[in-house]
Amino acid sequence: MKKFLSVVAVIVLLLLVVSAIDQYYRMFVNNISSNDGEKHLLYVYPGFSLDSVINAVAETHTVASPWNLRLHCRMMKFSRPKTGCYLLNEKEGDVALIRRLRGGEQTPVEVTFNRIRTRGQLAKRLSEQLLLDSAEIGSRLESNEYMSEYGLRKETAVCLFIPDTYQLYWTISADALFERMGKEYNRYWTPARERKAKQEGLSRVDVATIASIAEEETNKDFEYPIIAGLYLNRLRQGMPLQACPTIKFAWQDFTLRRILNRHLEIESPYNTYKNKGLPPGPIRIPRASTMDAVLNYTHSTYLFMCASADFNGTHHFSSSYSEHARYAREYQTELNKRNIR
């Protein structure tokens, strides 16, 4: 009998040891494994319960023992995860994940906003990447009073947002977002850049506006400083810019492939065929590199530009109207051949 009890005791002890090892392993080493061997982001939305979190984890990871995960949550008295974006490693022990969720130890997300033309597009793009309603962002972009804190107004509000990849917390507030962009905006505008703009009689907004038109004219980076110089020549001679991209913006129709006389009749401050000077603000959010191209524009006598009839994305630049007219006829002929209306 004593021998039997001894055997039973040994078995029970072994089971306890195995159970303890298993618990330790799941708590501190690995109970949650990535399905593809990669790290993933876990988004915990407001009102998420523990079950909601486990379901969200299961979208990218396998929870070997959901029962153990719930047990460890109870042991750590954890039931209310904090809203946020959290990193899920390739392998996770329950304790590390629970601590992050309970402490709100978020991982920043990468936020980008390239190729944006309007305030509405910007608000939408940001809301897709952050836990913000587009209306929260849009209301600030549309408020002259709010944007005046940054020396801007609604027509120039997009100047505050310089395209790049930013590390931001997913739960950032709208005001904190604008504050961060304000810091980045001022960081770009170094004293050296301010001096260059001032020497040319340009404001920060002027530089961004010219850069935005240049980006809409071409995707050839080497042409940006040439186009900037051309438009500065026109401004200094009191000529209208006559920039076709501003007509597209005035119509809010960015699919136009050919600007016709009827398009030029629109009554809009963005119609640079009817109005001299720069439009009220940028017609897209220009890149920092393009603004640098404006500040370091090519000095020339160019006053005219026309897209190449080769349709290779480049332009012919001219100092005389007669030369420009020749290039324009070639281009119009090619448009007709291609049936572009």
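A salt bridge is a side-chain nitrogen of Lys or Arg within 4 Å of a carboxyl oxygen of Asp or Glu. The structure here is a predicted model. By this rule it holds 20 salt bridges.

Take D51 and R70. Their closest N and O atoms are 2.9 Å apart, so the pair meets the 4 Å limit. D51 sits in helix α2 (residues 50-57) and R70 in helix α3 (residues 66-75), so this bridge ties together parts that are 19 residues apart in sequence. D51 is partly exposed at 39% relative accessibility. R70 is partly exposed too, with a relative accessible area of 30%.

Now E215 and R287. Their side chains form a salt bridge, at 3.4 Å from N to O. E215 belongs to helix α10 (residues 204-217), while R287 lies in the loop between α12 (244-251) and α13 (288-295), so the pair ties together parts 72 residues apart in sequence. E215 is buried, at 8% relative accessible area. R287 is partly exposed, at 30%.

This pair does not stand alone. E215 and R287 are part of a salt-bridge network that also takes in R117, E216, D221 and R284.

A further bridge joins the side chains of E334 and R338. E334 is buried, with a relative accessible area of 18%, whereas R338 is partly exposed at 42%.

| Salt bridge | N to O distance |
|---|---|
| D51 and R70 | 2.9 Å |
| E215 and R287 | 3.4 Å |
| E334 and R338 | 2.8 Å |

Technical notes. Residues numbered from 1 in each chain as written. Predicted model: local features only at pLDDT ≥ 70, side-chain atom pairs only at ≥ 80, totals over all residues. Heavy atoms only, no water. Helix = DSSP H or I, 4+ residues; strand = E, 2+ residues; numbered from the N terminus. Buried < 20%, exposed > 50% of the residue type's maximum accessible area, 1.4 Å probe, protein only.
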